[in-house]
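Reader: I have a structure open on my screen and would like to go through it with you. Could we start with the charged side chains and then move on to the rest?

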Amino acid sequence: MAASLSRLPITGCLKLCHRVVDGLCGQEPPHRGDYSATWSLEEWMELINSLTALFRMVVGNNSSDEEIHHALLERTISISCATLQDFDWQLKLALSSDKISSLHTPLLSLNLDVRENGHLQPVTVEMNREELNTLISSLEAANKVVLQLK
């Protein structure tokens with residue numbers, strides 16, 4: 001199997017593995033047509049069967065697809081048990097501060113409702129334009145990484 005996977009760049013391998021796991025979890029599996037130039041039908045079937053068996057073995061022997069989905073979900077939750085439940089935002093204009101009499105700076109107030117260990121916890125973040133641009137750039141970069149892995 002390793003020799004077969006070496007035909008793809010590392011990002012391609014990660015994408016393929018991600019799609020195999022998606023298939024095990026009831027989502028769309030990888031399509032043979034996307035890889036027809038890389039593997040013959042026989043090689044493709046052997047590779048997919050090997051990867052599926054590997055992921056089943058890692059999660060638990062003889063597990064059903066639903067059990068694999070649940071195990072992967074549990075492992076993901078163990079990374080961080082906090083989940084975003086809701087959010088709200090407000091745009092404010094700071095006219096002055098205790099140090100500057102005329103400020104006129106726009107500020108974004110972001111209110112997050114985060115559920116952690118069954119408890120809802122409000123989190124409020126206030127950002128100026130630069131901080132907001134940095135946050136947006138970071139989220140866009142994270143989204144690109146997620147899309148590359150799919």
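Author: Let us begin with E43, which is partly exposed because its relative accessible area is 29%, where buried means under 20%, exposed over 50% and partly exposed in between, with a 1.4 Å probe and protein chains only. Please keep in mind that this is a predicted model, in which local features need pLDDT of at least 70 and side-chain atom pairs count only at pLDDT 80 or more, while totals for chains, interfaces and linings use all residues. Residues are numbered from 1 along each chain as its sequence is written, and side-chain values use heavy atoms, with hydrogens and water left out.

Reader: Okay, which residue forms a salt bridge with E43?

Author: The partner of E43 is R7, and the closest N and O atoms of the two are 3.1 Å apart; a salt bridge here is a side-chain nitrogen of Lys or Arg within 4 Å of a carboxyl oxygen of Asp or Glu. This pair links distant parts of the chain, since E43 sits in helix α3 (residues 41-59) and R7 in the loop between α1 (2-5) and α2 (10-24), 36 residues apart. Helices (H or I, at least four residues) and strands (E, at least two) are DSSP runs, numbered from the N terminus. R7 is partly exposed, with a relative accessible area of 42%.

Reader: How many salt bridges does the count come to?

Author: The count comes to three salt bridges. In one of them, the side chains of R19 and E28 meet at 3.8 Å, N to O; R19 is buried because its relative accessible area is 14%, whereas E28, at 48%, counts as partly exposed. E126 also forms a salt bridge, with K92, and their closest N and O atoms are 3.8 Å apart. E126 lies in strand β3 and K92 in strand β1, so this pair ties together parts that are 34 residues apart in sequence.

Reader: You mention strands, so in what order do the three strands form the sheet?

Author: They form an open sheet in the order β1-β2-β3, with antiparallel pairing, where two strands pair if DSSP finds at least two bridges between them. Because β1 and β3 (119-127) stand at the edges with a single partner strand each, one side of each is left without a neighbour in the sheet. Strand β2 (residues 105-116) is joined to β3 by nine bridges, and N111 has T124 in β3 as its bridge partner.

Reader: Switching to aromatics, which residues form the cluster?

Author: Y35, W39 and W44 form one aromatic cluster, and the structure holds three aromatic pairs. Rings of Phe, Tyr and Trp (its six-membered ring) pair if their centres lie within 6.5 Å, and planes under 30 degrees apart count as stacked, over 60 as edge-to-face and the rest as tilted. The rings of Y35 and W44 have centres 5.2 Å apart and planes at 20 degrees, so that pair is stacked. For W39 and W44 the centres are 6.1 Å apart and the planes at 40 degrees, so that pair is tilted. Y35 and W44 are buried, and W39 is buried as well.

Reader: And W89, is that one buried or exposed?

Author: W89 counts as exposed because its relative accessibility is 53%, and this residue is found in strand β1 (residues 83-94).
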